[in-house]
Amino acid sequence: FYVDQIVFEDANGILNVNGLHLYYNSLSGNAAQIVDSGGKPANGIASTWTCANGNWETTACWDQLGSGDTYPNNNFTEAYSVSLPSAAPYTVAVNNASPINLCSLGVGSGTTLLLNGSSSFTPGTFLTNAGIVDLRNGSLNLETDLANTGTIRFDTDTGAEFIYVNASLALSGTGTLLFPDTGSSSLTAYVFLNAANVVLTNGAGHTIEGGPGYIYRNSGGTSSLVNNGVIRANVPNRTLSFYGAGLSNSNMVVNNNLIAAENGGTLQFAYLAPLVSSGSLTCAAGSTILFDSSSASFISSGSLTCAAGSTIRFSSINGPGANATFEGPVTCDGLMEFAAASGAVTFNPPSSGNGTGEYRQTGSGAAATFNTGNGVQFGTVDIQAGSLSVPFGGQVLVRDRFTHRLTNEAAHNFAGTLRVTGGTGAGPTQYDQFANIEIAGKDVGDVPAGFANNFQLGQLRIGPGAKVNLIDEINNNNRCGPGGS
């Protein structure tokens with residue numbers, strides 16, 4: 001109870017805090033006039049479950065209840081701190097449709113708390129879970145840190161279920177928040193960041209995994225998910241999505257450890273502001289990471305790894321696309337595709353990596369820049385649309401193939417270096433095993449004009465033992481020049 005000023009009008013007045021907490025800034029009177037009979041503890045009645053399997057609403061299963069109360073609920077006469085003690089496996093089912101509010105809740109190992117009611121369940125200012133909290137219907141409201149060494153999971157049906165994060169808090173412990181596979185690919189499980197400027201921290205050692213599901217910004221302002229633990233989208237053909245509210249780009253993700261798409265799962269980042277990763281972002285074989293943000297950014301000073309057979313795609317749901325900046329290790333053995341209608345991907349120093357996969361650019365307004373000091377290698381670089389910029393001192397490193405479909409020389413600013421390292425295992429005349437470079441310039445003969453505004457390169461470097469073909473497989477609107485084809 002907070003009061004700016006307390007005034008006793010004479011020396012006979014008494015204020016009994018009755019076991020509760022009172023805070024004030026100034027007092028007119030004698031502090032001895034404030035007493036505490038201890039009548040009602042600030043955390044309410046300590047009530048412990050005493051049955052095996054049963055329903056929360058069963059009065060006989062609680063060792064202490066306030067007068068007239070039929071089960072623990074702060075909405076009744078008394079406030080409650082509840083314990084579901086560790087024991088042989090048992091289940092306590094909450095079936096009530098009315099909201100339940102507590103001061104605190106402890107769920108012991110071997111215990112399953114089944115939230116089966118259609119309304120909200122608020123465990124209070126402290127929740128510890130060493131068992132299972134099974135969210136089947138309705139909502140779980142979190143207002144303070146959660147110590148989880150067990151499992152908190154959404155149910156496997158297709159009904160909508162919600163966890164509301166109503167204040168900044170941390171998920172600590174070695175437990176798991178699980179989005180289990182459902183019979184439908186529909187995203188019906190939601191973790192809502194439910195107030196302006198809320199920060200949800202996934203603590204070191206704690207795991208968020210599964211799919212389908214949303215981690216979603218639900219109201220005005222900007223919210224943040226800070227990941228110091230592990231987040232995995234690891235259910236085949238299901239999507240775990242980090243989602244801002246519409247086009248407001250109001251959900252920020254900060255990754256300090258590991259976020260991964262595994263086992264055929266899909267990880268989606270949509271309408272973010274932005275995703276900042278100093279940790280690891282990985283995409284395993286058969287899995288997908290989608291950057292579907294509009295006008296937002298992905299900034300990686302950590303590592304990005306995509307295995308052979310994986311896909312990382314930058315696109316846009318509505319409006320302009322995401323911008324991606326790489327300043328750390330990038331090892332892509334799968335496909336990295338920039339398909340957004342606009343937006344930029346930039347490789348800055350000290351980014352590096354010896355990938356064998358493909359960078360493919362298909363967005364009409366996409367812009368790729370390989371700056372000075374970057375050392376990221378792809379097996380193939382294929383610029384099908386947009387623009388490519390390699391300033392003087394910058395470099396594009398490819399092992400097997402460099403190609404583009406650009407028809408406007410202004411979109412091809414290549415003052416830097418193209419370094420090709422492939423074909424090392426081929427014999428001197430095994431041309432079908434050489435690496436390949438697509439040419440695009442018009443053949444105007446051996447004259448200075450051919451080196452300007454003609455898809456020229458600043459420098460071509462052939463790596464040690466590399467063997468390279470020049471090819472002309474794509475019509476860049478420059479064929480049949482006066483100097484030949």
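Modeller: A salt bridge is called when a side-chain nitrogen of Lys or Arg lies within 4 Å of a carboxyl oxygen of Asp or Glu. The model is a predicted one, in which local features need pLDDT of at least 70 and side-chain atom pairs count only at pLDDT 80 or more, while totals for chains, interfaces and linings use all residues. Residues are numbered from 1 along each chain as its sequence is written, and side-chain values use heavy atoms, with hydrogens and water left out.

Biologist: What makes the contact between arginine 313 and glutamate 337 a salt bridge?

Modeller: The N to O distance between the two side chains is 3.0 Å, which is within the limit, so the pair qualifies. Arginine 313 belongs to strand β36 (residues 311-314) and glutamate 337 to strand β39 (residues 335-338), so the pair ties together parts 24 residues apart in sequence. Strands are DSSP runs of E with at least two residues and helices are runs of H or I with at least four, numbered from the N terminus.

Biologist: How do you know whether arginine 313 is buried or exposed, or in between?

Modeller: Its relative accessible area is 28%, and buried means under 20%, exposed over 50% and partly exposed in between, with a 1.4 Å probe and protein chains only, so arginine 313 is partly exposed. Glutamate 337 comes to 9% and is therefore buried.

Biologist: What makes aspartate 134 and arginine 153 a salt bridge, and where in the chain do these two residues lie?

Modeller: The closest N and O atoms of aspartate 134 and arginine 153 are 3.3 Å apart, so this pair also passes the test. Aspartate 134 sits in strand β14 (residues 132-135) and arginine 153 in strand β17 (residues 151-154), 19 residues apart, and the pair links distant parts of the chain. Aspartate 134, at 6% relative accessible area, is buried, whereas arginine 153, at 29%, counts as partly exposed.

Biologist: Why do Ile439, Leu460, Ile462 and Leu470 count as a nonpolar patch?

Modeller: Patches are built from residues with over 30% relative accessible area and no salt bridge, like charges being joined within 9 Å and nonpolar side chains (Val, Leu, Ile, Met, Phe, Trp, Tyr) within 5 Å. Together the four residues have about 360 Å² of accessible area, computed by the Shrake-Rupley method with a 1.4 Å probe, only the protein chains shown counting as cover for residues.

Biologist: What makes asparagine 237 stand out in its backbone?

Modeller: Most residues other than glycine have a negative phi, and most peptide bonds are trans. Phi of asparagine 237 is near 65°, a positive value in a residue other than glycine, and asparagine 237 lies in the loop between β26 (230-233) and β27 (239-243). With 64% relative accessibility, asparagine 237 counts as exposed. Asparagine 263, with phi near 60°, also has a positive value, in the loop between β29 (258-261) and β30 (266-270).

Biologist: What is the omega of the peptide bond from glycine 211 to proline 212?

Modeller: Omega is near 10°, and this bond is cis, with proline 212 in the loop between β23 (207-210) and β24 (213-217). Proline 349 and proline 350 are likewise joined by a cis peptide bond, with omega about 5°.
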